[in-house]
Amino acid sequence: MFSADDHRYMAHALQLSARGLYTTTPNPRVGCVIIRHNQVVGEGWHQRAGAPHAEIHALAMAADAARGATAYVTLEPCSHHGRTPPCAEALINAGVARVVAAMHDPNPLVAGQGIQMLTLAGIQAEAGLMENEARTLNPGFISRMTRHHPWVRLKTASTLDGKTALANGQSQWITGEAARADVQKLRARACAILTGSGTILADNPRMNVRDINIGRQPLRVIVDSTLRTPPGAAILPALIACHTPHPEHRAALIAAGADILELPGAQGRVDLAALLRELALRGINEVHVEAGAALNGALLEAGLVDEWIAYVAPMAVGHDARGLFSRTPLESLEHAARFRLADVRQIGEDLRLTLLPGVQESAG
């Protein structure tokens, strides 16, 4: 049973872990607080891959005060040698008396072994405090470790009547400045930004992070079955997933800095599931999707959308404008993709809906 103080200190550790929201990829976001005699004697968070983990920062701050103290950490301390030594070993050497982890590490290299190492050393070690909050911070890392593909976050911007652009293609701007700035935060937390060749040809976007200094740019990925992407596209260099490339097109894009990945699927399309597996192998935790109706619909039909962030502007443009998803016509509403609302808030003059896949009860 965890006490009110346990919850309070773990909440602080979770706040610390969120400071690494944009920078820790491909590692998880982790925070640690060390408490002795109801006082914070050490704290830290994982800042970037290859740098010390949260526990090491907290132990360095605590110094000798760590002996006999309690460490609250948002993820089970690692038990293996990676780029850095095991954190479980560091906690043991520091002489802490108790370790509380929010959740077990889904990494098979750890997966309970960190808690076991601490317990065998005589330290009271337990996990499960505020686990849901900890999991919310690291959906991509958990997905990559357990499902072997990244967490796919689809972003759309539409009118109240579900349109993304006029029939002539004009879409700037449906949502307001505040919503567009909010999208930059979504891009910044992602490991990769995914779009389709149709968006490249229509808008020639850069698909980069602007106005937020995160010290990196997410990997840019294009789904382009027939390699229509121009060698002069602003998004390059990027990874381009295709079906069967034309040799001349392939050579021109490689010369422009593209990495070409052949992933032939059905009906001349890219195998999207295979693409996600490949991205996971490259250490990609979270994929941010900004695409047109074709790729949006393909991801939706394949059941590959884990989260949908829908920005909705208070305007209507009529049925001839362009929609959000292209997909096989449905014969029954029973086959509709259903989502449940996880969050609703106003961003400037627009609404931002956060939706997760889930079956909703019929209204009758």
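Residues are numbered from 1 along each chain as its sequence is written, and side-chain values use heavy atoms, with hydrogens and water left out. As the model is predicted, local features need pLDDT of at least 70 and side-chain atom pairs count only at pLDDT 80 or more, while totals for chains, interfaces and linings use all residues.

View 1. Strands here are DSSP runs of E, at least two residues long, and helices are runs of H or I, at least four, numbered from the N terminus. In β1 (residues 31-36), 5 of the 6 residues are buried, so the rest of the structure largely encloses this strand; buried means under 20% relative accessible area (1.4 Å probe, protein chains only). β1 pairs with β2 (residues 39-45) in the antiparallel sense, over 6 bridges; pairing takes at least two DSSP bridges. R36 has Q39 of β2 as its bridge partner. With 2 residues between the strands, the hairpin has H37 at a positive phi near 55°.

**View 2. β1 meets β3.** β3 (residues 70-73) runs antiparallel to β1, joined by 4 bridges. Look for I34, whose bridge partner in β3 is A71.

**View 3. Helices α3 and α4.** α3 (residues 87-94) and α4 (residues 113-120) pack at about 20°, axes 9 Å apart; axes are lines fitted to C-alpha atoms over the stretch in contact, with angles from 0 to 180 degrees between N-to-C directions. The two helices are therefore roughly parallel, a label for angles under 35 degrees. A88, E89, L91 and I92 of α3 meet G114, M117 and L118 of α4, contact being heavy atoms within 4.5 Å.

Conventions
Buried means under 20% relative accessible area, exposed over 50%, partly exposed in between (1.4 Å probe, protein chains only). Angles under 35 degrees count as roughly parallel, over 145 as roughly antiparallel, 65 to 115 as roughly perpendicular and the rest as oblique.
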